[in-house]
Amino acid sequence: MDLKELTKKVLMVSDQYEKNCKIKRDEDWYILKLHEEIGELTQNYLSYTLRGRNRNLTKEELKNNISHELADVLGQILLFANYHDIDIEKSMEEKWFSYLK
Ligand SMILES: [Mg+2]
């Protein structure tokens, strides 16, 4: 699955989320939600690395939580980029892959 396909599916989920939770995804919602998800990723990473409450979860469960929060972060990045009409593939080419030349 490429980023455009991924974005399309993430948008479908986000549309459902907006409808089900009766929220409005306005301009700053996307960056605020991204920060929320980064916070959740950090919280789970702290637990995984024994610097936060482990909530009686196994190491495997804690790592699984990190993978889910990472997915949330990626989803929110794709939503933010889509909302602001940013081509993330082009951005990666310009910012990251320019170092490969
Ligand atoms: Mg989350």
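Rings of Phe, Tyr and Trp (its six-membered ring) pair if their centres lie within 6.5 Å; planes under 30 degrees apart count as stacked, over 60 as edge-to-face and the rest as tilted. By this rule there are three aromatic pairs. This is a predicted model: local features need pLDDT of at least 70, side-chain atom pairs count only at pLDDT 80 or more, and totals for chains, interfaces and linings use all residues. Residues are numbered from 1 along each chain as its sequence is written, and side-chain values use heavy atoms, with hydrogens and water left out.

**Ring cluster**

Select Tyr17, Trp29, Tyr30 and Tyr83: ring pairs link them into a cluster. Start with Tyr17 and Trp29. Their ring centres are 6.3 Å apart and their planes at 45°, so the pair is tilted. Tyr17 lies in helix 1 (residues 3-21) and Trp29 in helix 2, so the pair ties together parts 12 residues apart in sequence. Helices here are DSSP runs (H or I, at least four residues), numbered from the N terminus.

Tyr17 is partly exposed, at 32%.

**Metal site**

Now select the magnesium ion. Glu37 (OE), Glu40 (OE), Glu69 (OE) and Asp72 (OD) coordinate the ion at 2.0 to 2.1 Å. Donors are N, O and S atoms within 2.8 Å of the metal (3.2 Å for Na, K and Ca); water is not among the atoms, so sites may look incomplete. Glu37 is buried, at 7% relative accessibility, whereas Asp72 is partly exposed, at 31%.

Terms used:
Buried means under 20% relative accessible area, exposed over 50%, partly exposed in between (1.4 Å probe, protein chains only). Helices (H or I, at least four residues) and strands (E, at least two) are DSSP runs, numbered from the N terminus.
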